[in-house]
Amino acid sequence: MTSRAPSSALSPARGAQHPELAPLTNVDVERIRNDFPVLHQTVNGHPLTYLDSGATSQNPISVMEAEQEYYEQRNAAVHRGAHTLAVEATEAFEAARETVAAFVGAQTDEIVWTSNATEAINLLAYSFSNASLGLGGPAARRFGLGAGDEIVVTEMEHHANLIPWQQLALRTGATLRFIPVFDDGTLDLLSAADVVGPHTRLLAFTHGSNVTGTLNPVAELVALARKYGALVVLDACQTVPHLPVDLKTLDVDFAVFSGHKMLGPTGIGALYGKAELLAGMPPFQTGGSMITTVDMTTAEFLAPPQRFEAGTQRISQAIALAAAVEYLRETGMDRVAAWEAQLGQRLVAGLAEIPGVRLLGPGLGVERLGLAAVDVVGVHAHDVGQFLDDAGIAVRVGHHCAQPLHRRLGVTASTRASTYLYNTTDEVDLFLATLAEVAPFFGVSR
Amino acid sequence: MSDLQQLYQTIILEHSKARHGAIQLTPLADAVALGSARGLRVAESHQINTTCGDEVTLRVTLGGDIDAAVTELVWTGDGCSISQASASILTDTLRGLSTTEARALLDNFREMLRSRGKIEPDEEILGDAAAFGGVSRYPARVKCAMLPWVAFEAAVIEAESH
């Protein structure tokens, strides 16, 4: 098995959570696959090979059962009403928060439910925007931005961690700057030291790229931000589902992740914020369930996390997400990470053997997530995806919501295979063998 | 022939490389002024397929009359083989037709594409564009094939308003 040592991504405590369990093998993965009904089907006359978990992952039976059990036995609005079902629903909803918080090394009240990671980042951006208008009083002043302030992102960001900051800059007069990437898609840390400076108020970056699979050095970037007192926002959408992540060890101020990328349902995501920071932030959405006292002209708000959870919540989704987290915990995130690292290296090694295929991101032997995006030279990604789909292989094609990164790497679109704990080495090999047939089919000479 | 071979017929793959009518477009204002001096109406339309990033900018030159002839069709673009071949075949197919004839052909093409494989393409009417018959079985790709034709429709309306 390929060793991986992401110093900033692995916490020793979580890495050692299953010392008694041996590394995952294809035999274990076959057993895991039995928990995922959707994987057992035929697509275009071939067994489905699902290699698009970077976009959305599949649900184990236990997750679907948790959601069904909630609707069959406990469905009620949470945090209101005194009847038995309302109490049970509230308890299950809050227990889910505790489970998810523990999974990422956070305190329970540091996890705010959102619809997805995109909403979590927008929650931050609009809270800071409101703080810039003076809302939230003196406690919120540290989040306010104006002319002369700088927001820093990286060139590899998903649009979800770029456009909300572009818009925040437009609303507040702040300037948006970015840390460039090298030709292999890794972050240019020397430039980072020039871009981040005394005017930087906020540094937002992805933990792991959804395109190149590269992992960013969180500790170095946090240290850089701390030098200037800037807040740090981590997009952990591609890491919380795949690696042991301890947000306290990483010491970021905020982090976001999405339920549907970690074996959970759609419609649920989370914002993590350090308790003392969330306490000072003005709300984004307002309305029911987030107030203490209201009169016709004013309202006072609850403490976090309820302050940021206006309206009836995503109750069944939160409960189902907790079931997904239990599934991952029982499997062991260290084992999941090691298995996917192996699949990632197998992808990269195999791609290097196919003429006319260019890998986006770092090459063989360099730490990466269990995914790989490629450009089949002379064949558009949409055509590549069609060819693979004909063989029952599901991959993502296009710019993967990262247009600036694709432009930087000199392509408009790419084809991405992304693995999860339920993918076998045979599936990776089938993808590689089928990809090798693409250029000949489309008559592209090598 | 498999469904995939039906989708990617040889003629489509050839056109996706040959790219008839694809040029580096001059500035639109220059083309409009140049056309205007010769009694011709020039307009263009830029269309993007947001799901995959296919792009086509199609420039149409019409004669000055009512139901004018499509005298010139040029384009630039980037994208999948279906969208690029469609633009190439469009220029061969619609150049020289009157706007009424071109619109009738376009309607036939669209109806065939949206039929989910139920309507056999009529080669008498569509010519080489009949090769896109296989696309109609792939609803996700209909937009790719239609992209330049949508651009043509919009550009003609724009040119007629001049």
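UniProt positions are given here in the numbering of this model, feature names are shortened, and annotations may be inferred rather than shown by experiment. With that in mind, the UniProt record (an unreviewed entry) puts "domain: NIF system FeS cluster assembly NifU N-terminal" at residues 46–144 of chain B. The model is a predicted one, in which local features need pLDDT of at least 70, side-chain atom pairs count only at pLDDT 80 or more, and totals for chains, interfaces and linings use all residues. Residues are numbered from 1 along each chain as its sequence is written, while chains are lettered from A and ligands numbered from 1 in the order in which they are written.

Chain B comes first. Helices (H or I, at least four residues) and strands (E, at least two) are DSSP runs, numbered from the N terminus. Chain B has an open sheet of three strands, ordered S1-S2-S3 and paired antiparallel; strands count as paired if DSSP finds at least two bridges between them. Strand S1 (41–49) and strand S3 (70–78) of chain B form the edges, each pairing on one side only. From one strand to the next, the twist averages 15 degrees. S1(B) and strand S2 (residues 54–62) of chain B run antiparallel and are joined by nine bridges, with Ala43(B) standing opposite Val60(B) in S2(B).

Two helices lie across this sheet. For the angles, axes are lines fitted to C-alpha atoms, for helices over the stretch in contact, and values run from 0 to 180 degrees between N-to-C directions. Contact itself takes two residues whose C-beta atoms, placed from the backbone, lie within 7 Å. Helix H3 (residues 28–37) of chain B lies across S1 and S2 of chain B and runs at about 150 degrees to S1(B). H4(B) lies across S1, S2 and S3 of chain B, at about 170 degrees to S3(B).

H4(B) has a helical partner too. Helix H4 (residues 81–94) of chain B packs with helix H7 (residues 139–160) of chain B at an angle of about 40 degrees, the axes being 8 Å apart. H4(B) and H7(B) are therefore oblique to each other; angles under 35 degrees count as roughly parallel, over 145 as roughly antiparallel, 65 to 115 as roughly perpendicular and the rest as oblique. The crossing of H4(B) and H7(B) is right-handed, a label for a near helix turned clockwise from the far one by less than a right angle, left-handed being the anticlockwise case. Residues making the contact include Ile82(B), Ala87(B) and Leu90(B) from H4(B), and Cys144(B), Trp149(B) and Phe152(B) from H7(B). By class, the contact of H4(B) with H7(B) has ten nonpolar, two polar and one charged residues. Here Ala, Val, Leu, Ile, Met, Phe, Trp, Tyr, Cys and Pro count as nonpolar, Asp, Glu, Lys and Arg as charged, and the others, Gly among them, as polar.

Where the chains meet, ten residues from chain B and twelve residues from chain A take part. The side of chain B that touches chain A divides into five nonpolar, four polar and one charged.

On to chain A. The UniProt record, again an unreviewed entry, places "domain: Aminotransferase class V" at residues 49–431 of chain A. This span is 37% helix and 17% strand, and its end C-alpha atoms lie 8 Å apart. Chain A has an open sheet of four strands in the order S13-S14-S17-S16, with antiparallel pairing. Strand S13 (357–360) and strand S16 (396–398) of chain A are at the edges with a single partner strand each, so one side of each has no neighbour in the sheet. The twist averages 30 degrees from one strand to the next. Four bridges link S13(A) to strand S14 (residues 371–376) of chain A, running antiparallel, and Leu359(A) is opposite Val374(A) in S14(A). Helix H12 (residues 333–351) of chain A lies across S13, S14 and strand S17 (414–418) of chain A, at about 20 degrees to S14(A).

Elsewhere in chain A, a hairpin joins S11(A) to S12(A) through four residues. Strand S11 (residues 291–294) and strand S12 (residues 299–301) of chain A pair in the antiparallel sense over two bridges, and Val294(A) has Ala299(A) as its bridge partner in S12(A).
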